[in-house]
Amino acid sequence: MNSILAYCRPGYENDTANELTSLYSERGIYGYPDFIPKQGFTKFQLYEAETLDKALKAYAIDHTVFPRQLVAVFASTQHLEKEDRVGQLLALLEDCEVPDITFGAFDVEYPDTEDGKTLAKFCRKFTVPMRQALRKKGILLPKENINKPKLHIFFESFATCYIGYSYPTHSSPHHLGICRLKFPAEAPSRSTLKLEDAIVNMLTDKERNLVFREGARGVDLGACPGGWTYQLVTRGMYVEAIDNGLVDESLMKTGLVEHYAADGFTYKPQYGRVDLLVCDMIEQPDRVAKLMANWLVKGWTTHAIFNLKLPMKRRFETVSEAMQAVKACLNETSDTFNIRVRHLYHDRDEVTVTVIRTSKEV
Ligand SMILES: C[S@@+](CC[C@H](N)C(=O)[O-])C[C@H]1O[C@@H](n2cnc3c(N)ncnc32)[C@H](O)[C@@H]1O
């Protein structure tokens, strides 16, 4: 049965399933989710095999929240023997209907789980002979071309794997859909990686250059100890850091940071409109969403990047409701915004939201 395979953070299979069901039904693509909790992926089994490509093209990965990668699966097996896996997979490809696509890239992947890690070494080694065999058969171009569709072989276990493809315009360019970032030693907290992940992976080059300019002003609500402020300061921005806690001493010494021990829910920008509002306060997602919308609508900030902390249950619904509230407020302004919501690799039980104002006067 053809399916869309969505890689996700282990523990988020149900949320991914709910999201895919909602997204595909909006486009008239029908099927049902199929997953085992904590396995690090969800399959969306399509009732009609011929809707596979339509389903893959329906949503770019950036327009989804929980999936790290989306792959259109057209073949699978649960019975791989230990000997000659390359030969068995080639035979499987010969027996199935391989989409009429020239593949320019190839990856062998596995779930981001403890069990998945036991497959990592095998997958790395297996990539080389499998790639050669695919090239020999003419399924894969002789030279890698990342602008062409990618063929994915996803091992659930040594015996079970899925073969599928993705389009570069609609997928994550990263192995396993994960962009690992190196923790900057001088940053005051690991939280810094969440904002860096958003800056690197959620904004276009144009948006990044627009928002993160030397001399621009930002407000960081719930700033301590300063991991997010650090991201702004290293890009030459001035920051009003709001938190009752202490901001890292080395950040204060840059002369770019003013610390205010105040409540993030009542704070107003000291010197008028700022370029960017960031917020990582541990608070109810609907409260944070309303606060962010209020800053954007009142024009206290041009853009915003914030995290919504997720409850244990109904996480997809919680995100949807919070974002509907934000969008409803923003729709009342005459401005336009690019809004993205992603469960990033460096996020834990939270999602990151970027709201970039795109109106002409910005
Ligand atoms: C997850 S931590 C922020 C970490 C920070 N982003 C970093 O990278 O270092 C959440 C912070 O929000 C602050 N906070 C929670 N509620 C707040 C409020 N109402 N006003 C201001 N700060 C608040 C807490 O004191 C805490 O320091």
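Which residues are buried in helix 5? They are T192, L193, K194, L195, E196, D197, A198 and I199. Buried means under 20% relative accessible area, with a 1.4 Å probe and protein chains only; exposed means over 50%, and partly exposed lies in between. Helix 5 spans residues 192-201, and eight of its ten residues are buried. Helices (H or I, at least four residues) and strands (E, at least two) are DSSP runs, numbered from the N terminus. The buried residues of helix 5 pack against helix 6, helix 7, strand 11, strand 12 and strand 14. Contact here means heavy atoms within 4.5 Å.

The model is predicted; local features need pLDDT of at least 70, side-chain atom pairs count only at pLDDT 80 or more, and totals for chains, interfaces and linings use all residues. Residues are numbered from 1 along each chain as its sequence is written, and side-chain values use heavy atoms, with hydrogens and water left out.

A backbone N or O atom of G264 lies 2.7 Å from a ligand nitrogen.

The disulfide count is zero, with a cut-off of 2.5 Å between cysteine sulfur atoms. The C8 sulfur has its nearest cysteine sulfur, that of C123, 17 Å away.

Note on methods
A polar contact is a pair of N or O atoms within 3.5 Å; within protein, one must be able to donate a hydrogen and the other to accept it, and residues adjacent in sequence count only if both atoms are side-chain atoms.
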